[in-house]
Amino acid sequence: GTDLLGVLTDELDPHSRVGMTMPRPLPSPRALVVDALADLAFDPMETFRAGRTLVRKPVRLARDIGNSLFFSLDPNGLGRAQGPHRKWQSEKVPLDELRKIRKRHDCSTTDVILALVGGAIRSYLVKNGKPIPPTVTALVPLSVAAASGGVSGQVATLTGELLIAEPDPVARLAAIHEQTSAGAVKSGAIAGQVLRRQEHFAAPSIMGQGVRSTMLETRSRLSVETVAINVPGPAKQISVLGHPMVEAYPVIPLPGRVQIAIAALSLRDDVFFGLTADYDSVKNLHYATEGLLESVAELS
């Protein structure tokens, strides 16, 4: 899906005369009920699914109670993902805000985004009353082709420790900068230029490469507790079928048994964050998005 999005985009033609297609109006609640009853009456599979749902509800309730008891005793606040279902939230931050933070603290944009990820997870744990571990191990995919500005498909994954227990956001950012600088030299990537901003919309392909690399890495690294992917997109206006793209929110899967994964994708003057979480074990995911914005304000 992300690769197809990159293929569909093009540079915006100011003289384009692409017509607007008006969608059909949404069905009324009454129409939805009638259609649902018709499906149950004439579709055996729908009847089977409805019955299966009634049977599964007590099982799911018992599992949720068990998960609550388990996480109340879990020394690591993040724990592990428990079910197949997901929840997702998004947030938008002006790119100029991140640039000001980068300049003020003499670090890279990647460092700033990782600091926001750490702040988001810390806020989620604190506001939910969960245990706060000293650090959270994050897997960070980096492109080793950053120096050439090309898209080679070579992606290295670095492991970073986010100082979640540290209340000072500046200290958390400094610790991240120290780790990414050393790790970038070791892996062949360049800190602060994980991938140069592309002339065209190559970002979805790079996001896909990062996700695939992360999925493979987490199979052998049981200690990974979260994933943070940062992909710079194009600085110029792009379009899809002649219409300008104004927002692009990343949605990434959860690798292994990770509870929360956060991706950042820049487009023109904004950075769009997508937070994917396990539906069964993560409660109040909005605390993480709140913490992300609070970290921006604290570091500015």
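This is a predicted model: local features need pLDDT of at least 70, side-chain atom pairs count only at pLDDT 80 or more; totals for chains, interfaces and linings use all residues.
## Where H4 meets H5

Let's start with a pair of helices: the axes of H4 (residues 95-105) and H5 (residues 109-127) approach within 9 Å and cross at roughly 105°.

Which residues of H4 and H5 meet? On the H4 side they are Leu98, Ile101 and Arg102, and their partners in H5 are Thr109, Val112, Ile113 and Leu116. By type, the residues of this contact split into five nonpolar, one polar and one charged.

## A closer look at Ile121

Staying with H5, this helix also holds Ile121. Is Ile121 buried or exposed? Its relative accessibility is 1%, so Ile121 counts as buried, the cut-off for that label being under 20%.

What does Ile121 touch, once residues up to four places away in sequence are set aside? Its contacts are Leu78, Val136, Ile164 and Thr226. Take Thr226 as an example: 105 residues separate Ile121 from Thr226 in sequence, yet their C-alpha atoms are 9.1 Å apart in space.

## The chain as a whole

Stepping back, the chain contains eight helices and nine strands. It has 300 residues, and 42% of them count as buried. Among contacts in the chain with a separation of 6 or more, 76% come from residues 24 or more positions apart.

As for the surface, the chain exposes about 16000 Å², with carbon and sulfur atoms supplying 60% of that area.

Conventions: Residues are numbered from 1 along each chain as its sequence is written. Side-chain values use heavy atoms; hydrogens and water are left out. Axes are lines fitted to C-alpha atoms, for helices over the stretch in contact, and angles run from 0 to 180 degrees between N-to-C directions. Helices (H or I, at least four residues) and strands (E, at least two) are DSSP runs, numbered from the N terminus. Contact means heavy atoms within 4.5 Å. Ala, Val, Leu, Ile, Met, Phe, Trp, Tyr, Cys and Pro count as nonpolar, Asp, Glu, Lys and Arg as charged, and the others, Gly among them, as polar. Buried means under 20% relative accessible area, exposed over 50%, partly exposed in between (1.4 Å probe, protein chains only). Accessible areas come from the Shrake-Rupley method with a 1.4 Å probe; for residues, only the protein chains shown count as cover.
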